[in-house]
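User: I would like to learn how to read the helix packing in a model of this kind. Could you take me through it one feature at a time?

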Amino acid sequence: MILLYWINKYTWVKEKFVDIIISNNRDKPIYEQIISQIKNMIMSEELVAGDSLPSMRALAKSIHVSVITVQRAYE
């Protein structure tokens, strides 16, 4: 996992990038694959309270899917 820091209106913001792997060959839709992997990260404590997920656009770009797919998973 990679941690990125940037200045956002005079404050430091930490964003944790998550490793999400999707496959078109699985029986599950892509948004459900994203949901289950985020849930697994929470259960294994890779993501803890206070960690922020990547923005919908950033995640969509990194895993090469539509923003709408990520939006559906985040909702």
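The dialogue below goes from the overall layout to the helices and then to single residues.

User: Where do I start? How many helices and strands does the protein chain have, and in what pattern do they follow along the sequence?

Analyst: Start with the order of elements. This is a predicted model. The protein chain has three helices and two strands, and along the sequence they follow the pattern β-β-α-α-α. Of the 75 residues in the protein chain, 24% are buried. Among contacts with a separation of 6 or more, 37% join residues 24 or more positions apart.

User: Which residues of helix 2 are buried?

Analyst: The idea is to ask which residues are hidden and where they sit around the helix axis. In helix 2, residues 56-63, the buried residues are Leu59, Ala60 and Ile63. They lie on the same side of helix 2 because they cover an arc of only 100° around the axis. Exposed residues Arg57 and Lys61 are carried on the face turned away from that buried side.

User: What covers the buried residues of helix 2?

Analyst: The cover includes helix 1 (30-43) and helix 3 (67-74).

User: How do I describe the packing of two helices, and at what angle do helix 2 and helix 3 pack?

Analyst: Take the angle, the axis distance, the handedness and then the residues that meet. Helix 2 and helix 3 pack at an angle of about 120°, and their axes are 8 Å apart. An angle from 65 to 115 degrees would count as roughly perpendicular and one over 145 as roughly antiparallel, so helix 2 is oblique to helix 3. The crossing is right-handed. From helix 2, Met56, Arg57, Leu59 and Ala60 meet Val67, Val70, Gln71 and Tyr74 of helix 3. By class, this contact has six nonpolar residues, one polar and one charged.

User: At what angle do helix 1 and helix 3 pack?

Analyst: The angle between helix 1 and helix 3 is about 45°, with the axes 8 Å apart. These two helices are therefore oblique to each other. Their crossing is right-handed. Helix 1 contributes Ile30, Tyr31, Ile34, Ile35 and Ile38 to the contact, and helix 3 contributes Thr69, Val70, Arg72, Ala73 and Tyr74. The residues divide into eight nonpolar, one polar and one charged.

User: Now a single residue. Which residues is Val67 in contact with, leaving aside its neighbours within four places in sequence?

Analyst: Val67 is in helix 3. Its relative accessible area is 33%, so Val67 is partly exposed. Apart from neighbours within four places in sequence, Val67 is in contact with Met56, Arg57 and Ala60. Val67 and Met56 are 11 residues apart in sequence, while their C-alpha atoms are 6.0 Å apart in space.

User: Backbone angles next. What is the phi of His64, and where is His64 found?

Analyst: His64 has a positive phi of about 60° although it is not a glycine. His64 follows helix 2 and is found in the loop between helix 2 and helix 3. With a relative accessible area of 72%, His64 is exposed.

User: Is Glu45 buried or exposed, and what is its phi?

Analyst: Glu45 is exposed, with a relative accessible area of 61%. Glu45 is not a glycine, yet its phi is positive, about 65°. Glu45 lies in the loop between helix 1 and helix 2.

Methods:
Residues are numbered from 1 along each chain as its sequence is written. This is a predicted model: local features need pLDDT of at least 70, side-chain atom pairs count only at pLDDT 80 or more; totals for chains, interfaces and linings use all residues. Side-chain values use heavy atoms; hydrogens and water are left out. Buried means under 20% relative accessible area, exposed over 50%, partly exposed in between (1.4 Å probe, protein chains only). Helices (H or I, at least four residues) and strands (E, at least two) are DSSP runs, numbered from the N terminus. The arc is that of the directions from the helix axis to the C-beta atoms. Contact means heavy atoms within 4.5 Å. Axes are lines fitted to C-alpha atoms, for helices over the stretch in contact, and angles run from 0 to 180 degrees between N-to-C directions. Angles under 35 degrees count as roughly parallel, over 145 as roughly antiparallel, 65 to 115 as roughly perpendicular and the rest as oblique. A crossing is left-handed if the near helix is turned anticlockwise from the far one by less than a right angle, and right-handed if clockwise. Ala, Val, Leu, Ile, Met, Phe, Trp, Tyr, Cys and Pro count as nonpolar, Asp, Glu, Lys and Arg as charged, and the others, Gly among them, as polar.
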